[in-house]
Amino acid sequence: MKPEIAKQLQDISDSREQQKQAAITQASEQQKAQANNLADFAAKKEEVIKPAFQEIVDLYKARGVAIRTVEEDERPNDKGGTQSPNIRLDMAGAYSSRSDMKPEFRLTLDKRNRTLSLYTATQSRSGPDGNVSLDAITAEWIQSAFLKYASGSFR
């Protein structure tokens, strides 16, 4: 083999190895970041989200309406992927009808980009209702969003 061809093949091989190592390093950094985002979500749930939800639950309870907070951790789904962690207000107690729609107000973490997605459902409609950064979520944001949900102002 000519030395210049051998050199070019070696360079190609070295470049591919560098790309492979860079991809491994990037994947490792992403896993660490996602683990940190999960931990930050758990902390934010305890410090901000659950207390804000509890104030809503208590308000409804004072009116004789049973709603509850439900938490779900990250877990594998049946499609080979992962179900994102979320916390929601199960509003079924606020509605007496037996509709197939399950009324709820749910915040779901996207651990890749540190955002919470708001999903709402009533007996007649459901769907996404916005996003907020994990770092920017406050009790006031949650309660203002819930007010819009309860008053039917979403969408």
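Mentor: A residue is buried under 20% relative accessible area, exposed over 50% and partly exposed in between, with a 1.4 Å probe and protein chains only. This is a predicted model, in which local features need pLDDT of at least 70 and side-chain atom pairs pLDDT 80 or more, while totals for chains, interfaces and linings use all residues. Residues are numbered from 1 along each chain, and side-chain values use heavy atoms, without hydrogens or water.

A salt bridge places a side-chain nitrogen of Lys or Arg within 4 Å of a carboxyl oxygen of Asp or Glu. By this rule there are 13 salt bridges.

Start with Glu71 and Lys45, whose side chains form a salt bridge with an N to O distance of 2.8 Å. Glu71 is partly exposed because its relative accessibility is 36%, whereas Lys45, at 6%, is buried.

The next pair is Glu104 and Arg88, with 3.8 Å from N to O. Glu104 lies in strand E5 (residues 104–110) and Arg88 in strand E4, so this bridge ties together parts 16 residues apart in sequence. Glu104 has a relative accessible area of 10% and is therefore buried. Arg88 is buried as well, because its relative accessibility is 16%.

Arg112 and Asp110 make another salt bridge, and their closest N and O atoms are 3.3 Å apart. Here Arg112 is exposed, with a relative accessible area of 66%, while Asp110 counts as buried at 19%. Elsewhere, salt bridges with shared partners join Glu72, Arg75, Arg88, Glu104 and Arg106 into one network.

A neighbour of several of these residues is Asn86. Asn86 is in strand E4, which covers residues 86–90, and is buried because its relative accessible area is 2%. Leaving aside neighbours within four places in sequence, Asn86 is in contact (heavy atoms within 4.5 Å) with residues including Glu71, Glu72 and Arg106. Phe41, Val70, Leu107 and Thr108 are also among the contacts of Asn86.

Note on methods:
Helix = DSSP H or I, 4+ residues; strand = E, 2+ residues; numbered from the N terminus.
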